[in-house]
Amino acid sequence: MSEAAIRISPLEEVGRIVVAFPRATWILICNRIDYCNRPMIPLVDVCHEKGLCTAELLEEICREPEEGSSLAQWCNHDIPGMVHRLIQKHQDLMYGRFEELFAIFDALAATQTGRQLTVTLEMRDLYELLYRDLRIHMLKEENVVFPYLLSFGNTAGDDSRIAGSSPSSLKSLSMEHEDYVGILFRMLDFSGNHSSPSGDDINLTSLHAGLRSMTEDLMWIIFLENYFLFPHARSE
Ligand SMILES: [Fe+2]
């Protein structure tokens, strides 16, 4: 076992490992480890659940560089800074990359037949389900939870915002997060972790690259909300 891997206790919670090695999130995702909805679980427990060897997984995680990921910088922000970054990311996903991927799905489906077409259309259905639900979810966060988080320290107060960020509404948003990761994992099952053999159709390669990037970003957003923002809102 490498020195870096030995330094991390298998009892360390998954969320802390993710903050230290943000580039390793794709390894967790490919092993269907929902680090964003269960960040407090010790790595050894999640490995036991999944039938994985903890030492091998740690070794793989530690091979990823700690530096250089834009994701890591997010954790250095204070709560308002994190909220502003999340709002930008919401906009980027909802009004940019989601639309682009719909166009790629359609271009790909127009060239396919048989089993390939069936798989593409089933994935597109899941993608559309995710998009529709997520749009409403993000609007609720942007209009209720985020303004509440940004209002901390503002003595003017706003009762309606505070009421909207009650523990029950945060709980329902957290439950929705679990649904989204379930959809993302089903899409990963369909496409073999969004990997394309070399020489594949350019649309298929673009689709897989786009879906991988969207999955990584969306899970990171959910992780930040579950691990940092929602606990902060509950503690106020
Ligand atoms: Fe969310």
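Predicted model: local features only at pLDDT ≥ 70, side-chain atom pairs only at ≥ 80, totals over all residues.

The points below take up the nonpolar core and then one loop.

1. The largest nonpolar core comprises 52 residues. Within this core, L218, M219, I222 and F223 have the most contacts. Two or more residues come from each of helix 2 (14-20), helix 3 (25-30), helix 4 (43-50), helix 5 (54-63), helix 7 (79-109), helix 8 (114-150), helix 10 and helix 11. The most is given by helix 11, at 13 residues.

2. This core takes at least three residues from domain 1 (3-71) and at least three from domain 2 (77-235). As background, nonpolar side chains in soluble globular proteins tend to be buried together.

3. What is I222 in contact with, leaving aside its neighbours within four places in sequence? The contacts of I222 are C36, N37, H177, Y180 and V181.

4. The loop between helix 10 (167-191) and helix 11 (202-235) holds N193. Phi of N193 is positive, near 60 degrees, and the residue is not glycine. H194 lies in the loop between helix 10 and helix 11 as well; phi of H194 is near 55 degrees, again a positive value in a residue other than glycine.

Definitions and conventions. Residues numbered from 1 in each chain as written. Helix = DSSP H or I, 4+ residues; strand = E, 2+ residues; numbered from the N terminus. Core = buried A, V, L, I, M, F, W, Y, C linked by C-beta atoms within 7 Å. Buried ≥ 20, exposed ≤ 12 C-beta atoms within 10 Å, placed from the backbone. Domains from an automatic or database assignment. Contact = placed C-beta atoms within 7 Å.
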